[in-house]
Amino acid sequence: MQFTVNLTRGHVAPRLHRFTSKIAVDVEPTVISGLEQATLKPRKHPGIVKPNQLELPQKLSDTLRQIVGDHPVKKVLQDSQMLNSYIKSRHPPPTLAEIENKKKLIVEEVNSKMSLERLAALSEEEANRWKRKRELEINKRLSQRTYAWKRIEYGAYEAIVYAVARGAQEYAVLKRILTELAQRDVHFKPRSYFDFGSGVGTGMWVASELWKENIFEYYNVDRSREMNELSELILRDGQENKQISLRNVFYRQFLPAIETKYDLVIISHTLFEMVDKAQREEVLLNLWRKCDGYMVIAEEGTRRGSELVNEARRFLLRVNDEELQGHTVAPCPHDVRCPRLSDLADRTPCNFPIKYAPLRLSSDSSGDSHTSLYSYAILKKGPVSDTSRPWPRIVRPTLVRSKHAICRLCTEEGKLQEVIFTKAKHGKSAYSCAKVSRWGDRLPMAVGPPQPSSPTTKPRNQSQAEQHLQPEWT
């Protein structure tokens, strides 16, 4: 895109360069057949991921309201909002290399104002005083610019605040992720479940909804004893003496040394709590060894959360042990580095949205739905067996326009690709699927590389440009 400057009006008028590149697509034959015979509706094509909006089951909502007990509702809500904001703004602990790089830049800044050349003109006492002042200035700036990480400690009250703040949101995220897993592998019937950083048990709530008749053991690990106690109380519907309806539920504060295998392993919203990369890798490797089926990793959909998820995914896929070989099931249709993180100039995270209804503690609480952005990875032990794995994933909102739909895709080659679907260029089946698909869905087709042709330059007036210009990866 080029820009010309309008000197009389003082603004930049865009001149669009449109590349009419042809991108070949090959829709799944079964999808074409179903659409043509009207046995399949476009909105129900096999790449659609549901649900898009969720709320806690009524029984869970009632239990969470009950466990608040005599705590002032207004204070609990205020503290839950503060906790949620803090979690969404978190960074992992800075590495030594990051701290050293920052210090190096700060030293250069300080030297420009407090040059070392001045020392020659000072007495020994003045030089020592000047050096101390300079060192204090360097440390002050370093402290201001370095993220002050600390682990969140959860007592009894903090666990309740967490349940109120995060219960509905994390339930919605994990319900979406595990429902996709169940849709992708209809034969997967886990008999054992392991959750590291289990919190108040949101993962267990979802897993028991999807596979209650199959799972015979739920193993939850959380370093907070009070969090484990609250999770168990929720399973008892808020009544200490009530029987738990699930079979064989266990709680521990630390990873067990036993080498028992589990069909489904989850680590959700936990990576930020680890002191460094070495600890993250140690825990991830331990969990991957315990996994005998699928492993799910989920975090906040921030840039840092996305980086941690992809760091974990890349680490596990590179483990040099034949028995621990695996592949990515979702969201990536490939096993290479995330294309978003490959471009250091692109600060956009790889994330996906889910709408959820927050827990209402009082009639004053807002009943409006919220949207949460999350990053995740589903890994599976063994070779690829899912024939639909190469289908491209839509990684930003679909732009539906007159007679065309624009999809931003992550492809099996590990590339970000934008495709403008039209009925004339790609056929009715491809266009029908594209225009009803949303951010997070997959398209049931193979997408070829673009075949660029010469650009055509077409000036537009300002109002037309504003209607058509869209940021490419926002």
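Figure 1. Aspartate 237 is buried, with a relative accessible area of 12%; buried means under 20% relative accessible area, exposed over 50%, and partly exposed in between (1.4 Å probe, protein chains only). This is a predicted model, in which local features need pLDDT of at least 70 and side-chain atom pairs count only at pLDDT 80 or more, while totals for chains, interfaces and linings use all residues. Residues are numbered from 1 along each chain as its sequence is written, and side-chain values use heavy atoms, with hydrogens and water left out. Although aspartate 237 is not a glycine, its phi is positive, at about 60°. Its place is the loop between helix 8 and strand 7 (249-252); helices (H or I, at least four residues) and strands (E, at least two) are DSSP runs, numbered from the N terminus. Asparagine 248 lies in the loop between helix 8 and strand 7, and its phi, near 50°, is a positive value in a residue other than glycine. With 43% relative accessibility, asparagine 248 counts as partly exposed.

**Figure 2. The protein chain as a whole.** The secondary structure comprises 14 helices and 18 strands. The protein chain has 474 residues, of which 48% count as buried. Of the contacts between residues at least 6 apart in sequence, 77% join residues at least 24 apart, where contact means heavy atoms within 4.5 Å.

**Figure 3. Salt bridges around arginine 166.** The structure holds 24 salt bridges, each defined as a side-chain nitrogen of Lys or Arg within 4 Å of a carboxyl oxygen of Asp or Glu. One of them pairs arginine 166 with glutamate 300, with 2.4 Å between the closest N and O atoms. Because arginine 166 lies in helix 6 and glutamate 300 in strand 9 (residues 291-300), the pair ties together parts that are 134 residues apart in sequence. Arginine 166 and glutamate 300 are both buried. A network of salt bridges links Lys88, Arg166, Glu170 and Glu300. Asparagine 84, in helix 3 (residues 73-88), touches Ala165, Arg166 and Gln169, residues up to four places away in sequence not being counted. Asparagine 84 is buried, with a relative accessible area of 12%.

**Figure 4. The salt bridge between glutamate 153 and arginine 223.** The closest N and O atoms of glutamate 153 and arginine 223 are 3.1 Å apart in this salt bridge. Glutamate 153 belongs to the loop between helix 5 (124-145) and helix 6 (156-184) and arginine 223 to the loop between strand 6 (217-221) and helix 8 (225-235), so the pair ties together parts that are 70 residues apart in sequence. Glutamate 153 is exposed, with a relative accessible area of 52%, whereas arginine 223 is partly exposed, with a value of 42%.

**Figure 5. The salt bridge between arginine 303 and glutamate 307.** Arginine 303 forms a salt bridge with glutamate 307, in which the closest N and O atoms are 3.1 Å apart. The two residues are separated by about one helical turn, because they are 4 residues apart in helix 10 (residues 303-317). Arginine 303 is buried, at 12% relative accessible area, and glutamate 307 is partly exposed, at 23%.

**Figure 6. The surroundings of valine 200.** Valine 200 lies in the loop between strand 5 (192-196) and helix 7 (202-211). Its relative accessibility is 1%, so valine 200 counts as buried. Neighbours within four places in sequence aside, valine 200 is in contact with Ala159, Tyr162, Ala163, Trp205, Met227, Leu230, Ser231 and Ile234. The C-alpha atoms of valine 200 and alanine 159 are separated by 7.5 Å, although the residues are 41 apart along the chain.

**Figure 7. Two cis peptide bonds.** The peptide bond from lysine 50 to proline 51 is cis, with omega near 0°. Proline 51 is placed in the loop between helix 1 and strand 4. Lysine 50 lies in the loop between helix 1 (29-36) and strand 4 (53-55) and is partly exposed, with a relative accessible area of 41%. From alanine 330 to proline 331 the peptide bond is also cis, with omega near -5°. Proline 331 is found in the loop between strand 10 (326-330) and helix 11 (339-342).
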